[in-house]
Amino acid sequence: MKPVYLDNNATTRVDPQVVEAMLPFFTEQFGNASSMHGFGASVGAAIRKARQQVQELIGAEFDHEVVFTSGGTESDNTAILSALETQRGRDEIVTSAVEHPAVLSLCEHLEKTRGVRVHRIPVDAKGRLDIDAYRRALGPRTAIASVMWANNETGTIFPVETLAELAHDSGALFHTDAVQAVGKIAIDIKTSAIDLLSLSGHKLHAPKGIGALYVRRGVRLRPLIRGGHQERARRAGTENVPAIVGLGAAAELALRHLSEECGRVRALRDRLEAGLLERIDNAMVTGDPANRLPNTTNIAFEYIEGEAILLRLNREGIAASSGSACTSGSLEPSHVLRAMNVPYTAAHGATRFSFSRDNTEEDVERVLDVLPAIVRDLRSLSPFWQGNGGGQAGFQPTYA
Amino acid sequence: MWEYSEKVKEYFFNPKNSGLLESADGVGDVGAIACGDALRLMIKVDPATETITDARFQTFGCGSAIASSSALTEMIIGRTIEEAMGISNQDIADFLGGLPPEKMHCSVMGYEALRAAVANYRGETWIDDHEEGALVCKCFGIDEGMIERAVRMNGLTTLEQVTHYTKAMGSCGTCGEKVEEVLARVHREMVAEGTLDAAEAFDPAAARLPALRPKVAVSPLAPAASPAAKPALTSLQKIRLIEQAVEELRPYLQQDGGDCELVDVDGDAVMVKLSGACVGCQMASVTIRGVQERLIEKVGQPLRVIPVKAGH
Ligand SMILES: Cc1ncc(COP(=O)(O)O)c(C=O)c1O
């Protein structure tokens, strides 16, 4: 049976055309772009082309605003650490409670080791940012506001253009972790006030370990990694040429497929979501259905636990993911679901399906075929499930 | 993905003895939905021989929780109560060909459920009175007795192990010191009894790693020292704001079948009484954090939300 991969927010398959574009840079074109000979020259041109391909995908005004990095995490770290250094007299960060650990762990570390004040703006039940709280948190000491463009677990999209303007009103820089947004929704950075934007290759059918940081012209950047003068001395280290070429090729493909993403892929997602809600009661969509990535749905099934769902799906050859506690090795549901106050009867059963252009109608059918039975089966094992009427009655834990 | 043994997979995918046991002689319920796992164990007992003639389970939880529950039923059917009570959580894990360390609490849950079911069969109340202080981890509803049993039975020596086996301290982390005390006390006793080498006994001073400190004791929105802090509120203003915030939250909790009532404010400690579905495991960590974050946001100062028992 053909496996069904619905975990594209975790990572995507490298597009065969991307692989093909990369291959020569492992073999004939192995030169170092900095070298003063023919081996280097063609490589330099390839990097330039890739930079333009990424520029075009995000709608940057200049190609040199794109700095290649090792991925989303490095881009996020570079942006935030740089702002703290360049924004004199400002030592506070405003961010959201639902950021990726690439931002949140760094903030926690800065809080502990450097006394940086971090404002984590809460979200409502649909995962929407509390804009008033955001506005109140900004002030003369804010060095940078960093809010993701779209959330990886629920797909909820944040109004980053507005947030960027608000940040500028208080003299702060604005960074957005757009790792989940780039390639899935149209982005035209030059018409926004966003100063810094992170993206990652492996979320858009390029390899892992490559990404980029957009740095608006005129915004000062303190490099995270120092050494040679690569990337205009903003990111030292001999360029990972095959990966950069791969990211460029993937960016071009993503731009070409963007309307498909918002059309066919969205339709697949919607069909799966509607089909599951129709077949399975006591299930709820988490996140903001009105403002969401076209490829993501996160459905919480009440009275059962996410890891159990994933293991059963996996046995049917279906890959999804879960914000449940047990899958991550932590003991609680994800920080995103907790920040949204998803009812605890459902938070442990949250399951994310994330699509890409690789998915087909058959994939949706397969999930619709097997998941209702899996949920039914696991609920029949659950002490909280009392048949169709829902659950919970009667269980008397002696510990409480 | 966890590395589960073949046996765990077998018992998870095809669990034996699941479902309700009609006219059970003893029922043991442990855990809670808010905590991420819960188990109801039902047993049938032949009173003449005190033999467990049948056992069924219902489990809410991950793969290893379901497998551990099912394994337990297989292990106790046909045994006398006395024999069954001799089964340790490690025996359950061994039966399954081992469990990942982080999942050992699943086997402990089975062990505890059996005790609860037997107590129920005998008409005893099974530690259902959390005397003041007996409840250690409020997030997961873990009491001192359960930690002590897990430590003794499995020879646990580190705080991390205590979390793996009981989940205590696995959420907000504010009970860290309490867990340290329990572990230190039990170890002192074990050393005195000669069941633990003094060199292995837990030393709170040495174990105090930053990572074990409370993770969210104070909200990010209101760190302690900030030059740009808001003007200080009078106590009265602060209490009013807290009252307001709690009132705003209640409809929200009521939606989930719970409720929350402000009991007292003492400095930065806010005592609240939760009722209804919120009491799942004394204090769903989800709820307490939500409440705490909203209050801090409203008041703009560090606050600690502390759940108190009904009738306080
Ligand atoms: C929102 C978000 N930010 C950052 C990252 C990290 O990106 P990378 O894996 O390229 O470091 C991810 C993916 O894991 C993500 O989803």
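Reader: How many positive and negative side chains does chain A have, and how far apart do the centres of the two sets lie?

Author: Start with the counting rule: Lys and Arg count as positive, Asp and Glu as negative, while His and the chain ends are not counted. Each charge is placed at NZ of Lys, CZ of Arg, CG of Asp or CD of Glu. Chain A has 43 positive and 48 negative side chains, and the two centres lie 4 Å apart. Some ground rules: this is a predicted model, where local features need pLDDT of at least 70 and side-chain atom pairs count only at pLDDT 80 or more, while totals for chains, interfaces and linings use all residues. Residues are numbered from 1 along each chain as its sequence is written, chains are lettered from A and ligands numbered from 1 in the order in which they are written, and side-chain values use heavy atoms, with hydrogens and water left out.

Reader: What share of chain A counts as buried?

Author: Buried means under 20% relative accessible area, exposed over 50%, and partly exposed in between (1.4 Å probe, protein chains only). In chain A, 63% of the 400 residues count as buried. In chain B, the share is 52% of 312 residues.

Reader: Which residues have the most contacts inside the largest nonpolar core?

Author: A nonpolar core is a set of buried Ala, Val, Leu, Ile, Met, Phe, Trp, Tyr and Cys residues joined through side-chain atoms within 4.5 Å. The largest has 94 residues, and Phe353(A), Leu371(A) and Ile76(B) have the most contacts inside it. Not counting residues up to four places away, Leu371(A) touches Leu276(A), Ile280(A), Phe301(A), Ile309(A), Leu313(A) and Phe353(A). Apart from that core lies another, of 72 residues, with Ala50(A) and Val342(A) among them.

Reader: Where does Lys16(B) lie in chain B?

Author: Chain B has eleven helices and eight strands. Lys16(B) lies in the loop between helix 1 (6-13) and strand 1 (26-32). At 31% relative accessibility, Lys16(B) counts as partly exposed. Beyond its neighbours within four places in sequence, the contacts of Lys16(B) include Glu10(B), Phe57(B) and Glu74(B).

Reader: How many residues of helix 7 of chain B are buried?

Author: Six of eight, so read the helix (residues 159-166) as mostly covered, with buried as defined above. Leu159(B), Val162(B) and Tyr165(B) are among the buried residues. Their cover includes helix 5 (104-121) and helix 8 (176-193) of chain B. Just after helix 7, Lys167(B) takes a positive phi of about 75°.

Definitions and conventions
Contact = heavy atoms within 4.5 Å. Helix = DSSP H or I, 4+ residues; strand = E, 2+ residues; numbered from the N terminus.
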